[in-house]
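This report walks through one protein chain, from its overall layout to a few single residues. Keep the structure in view while reading.

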Amino acid sequence: MKLLAILVSILTSGCVAMSFAAEKENKPETPAALNFTMKNIKGEEVDLAKYKGKVLLLVNVASECGLTPQYQGLETLNKNYSEKGLAVLGFPCNQFGGQEPGTETEILKFCRDKYDVKFDMFAKVDVNGEKQAPLFKFLNSQDVQPKGAGNVSWNFEKFVIDRDGKLIARFSPRTAPDDPALLKVIDTALAEK
């Protein structure tokens, strides 16, 4: 009787292990562009995999740049496209002319007070160099048009990731949020379900 109980236990645990292995094998893999955890502007860890299924516009932002008024256009995109599946993600960066000197609290207050920003904002990051955030190391390595691979050139560079988590486009900082080429990429990506 004891031997029978041991055999049942072994067989049962083997089935559970096989079932778990099969379940793990069938689980969809997180796409490379979303396989990162970043701190949001309030200091909370955010797994970027939570955005899978959305079209993402990632932008390195700054509060004291000549391009800072793009915050308004980014928030307009967020307002007009979020229900269609777009998520705008802002990543403050102080690497270009020291144009993002504030703390996360100051940055958030500035964005909300001046531009009524409601899209997701993250903690300050380095987008280039020795202390470069792994997310931007990945993004910078991808050769997508129209800008191509390489270091971020200035504040407000834009990266578009499709619903499957694939980086599909990269735009220079001077590309406005309402630029027809950028909107075409976003509209096309949103249309693909």
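## Overall layout

The model is predicted, and local features are described where pLDDT is at least 70.

The chain has 193 residues, and 44% of them are buried. Among contacts with a separation of 6 or more, 65% are between residues 24 or more positions apart.

## The sheet

Five strands form an open sheet in the order β5-β4-β3-β6-β7, and the pairing in this sheet is mixed. β5 and β7 are the edge strands, each pairing on one side only.

β3 and β4 run parallel and are joined by 7 bridges. Within this pair, Val55 stands opposite Leu86 of β4. β4 also pairs with β5, which covers residues 120-121, in the parallel sense over 2 bridges. Here the bridge partner of Leu89 is Asp120 in β5.

β3, α2 and β4 make a right-handed β-α-β unit. A right-handed β-α-β unit is also made by β4, α3 and β5.

## Strand β4

How many of the residues of β4 are buried? The count is 7 of 7, so β4 is largely enclosed by the rest of the structure.

In a regular strand the side chains alternate between the two faces of the sheet. In β4, one side carries Leu86, Val88, Gly90 and Pro92, and the other carries Ala87, Leu89 and Phe91. All of these residues are buried, which leaves both faces of β4 covered.

## The nonpolar cores

The largest nonpolar core has 30 residues. Those that touch the most other members are Leu57, Tyr71, Leu74, Leu77, Leu86, Met121 and Ile186. Two or more residues of this core come from each of β3 (55-61), α2 (70-81), β4 (86-92), α3 (104-115), β7 (167-171) and α5 (180-191). The element that gives the most is α5, with 5 residues.

Leu57 shows how parts of the chain meet. Leaving aside neighbours within four places in sequence, Leu57 is in contact with residues that include Leu74, Leu77, Leu86, Val88, Phe159, Leu182 and Ile186. A second, separate core has 26 residues, among them Val46, Leu48, Leu56 and Val144.

## The largest pocket

The largest pocket holds about 180 Å³ of space. It is lined by 14 residues, of which Asn40, Ile41, Phe119, Asp120 and Met121 are the closest to its centre. Both α3 and β5 supply at least two residues each to the lining.

Asp120 is the bridge partner of Leu89, and Met121 is among the residues that touch the most other members of the largest core.

## Residues in the loops

Which bond joins Gln145 and Pro146? It is a cis peptide bond, with omega of about 5 degrees. Pro146 lies in the loop between α4 (134-141) and β6 (158-161).

Phe156 is in the loop between α4 and β6 as well. Its phi is near 75 degrees, a positive value in a residue other than glycine. Phe156 is buried, with a relative accessible area of 0%. Asp116, in the loop between α3 and β5, also has a positive phi, of about 50 degrees, although it is not a glycine. Is Asp116 buried or partly exposed? Its relative accessibility is 44%, so Asp116 counts as partly exposed.

Ala176 sits in the loop between β7 and α5. Its relative accessibility is 25%, so Ala176 counts as partly exposed. Not counting residues up to four places away in sequence, Ala176 touches Gln70 and Leu182. Ala176 and Glu157 are 19 residues apart in sequence, and their C-alpha atoms are 9.8 Å apart in space.

Methods. Residues are numbered from 1 along each chain as its sequence is written. This is a predicted model: local features need pLDDT of at least 70, side-chain atom pairs count only at pLDDT 80 or more; totals for chains, interfaces and linings use all residues. Side-chain values use heavy atoms; hydrogens and water are left out. A nonpolar core is a set of buried Ala, Val, Leu, Ile, Met, Phe, Trp, Tyr and Cys residues joined through side-chain atoms within 4.5 Å. Buried means under 20% relative accessible area, exposed over 50%, partly exposed in between (1.4 Å probe, protein chains only). Helices (H or I, at least four residues) and strands (E, at least two) are DSSP runs, numbered from the N terminus. Contact means heavy atoms within 4.5 Å. Two strands pair if DSSP finds at least two bridges between them. A crossover is right-handed if, with the strands pointing away from the viewer, the path from the first strand over the helix to the second runs clockwise. On a 1 Å grid over the protein atoms alone, a cavity is a set of points where a 1.4 Å probe fits but cannot get out, and a pocket is an open set with protein on both sides within 12 Å along at least five of seven lines; lining residues have an atom within 4 Å of a point. Grid points are joined across faces, edges and corners, and a volume is the space filled by probe spheres set on the points.
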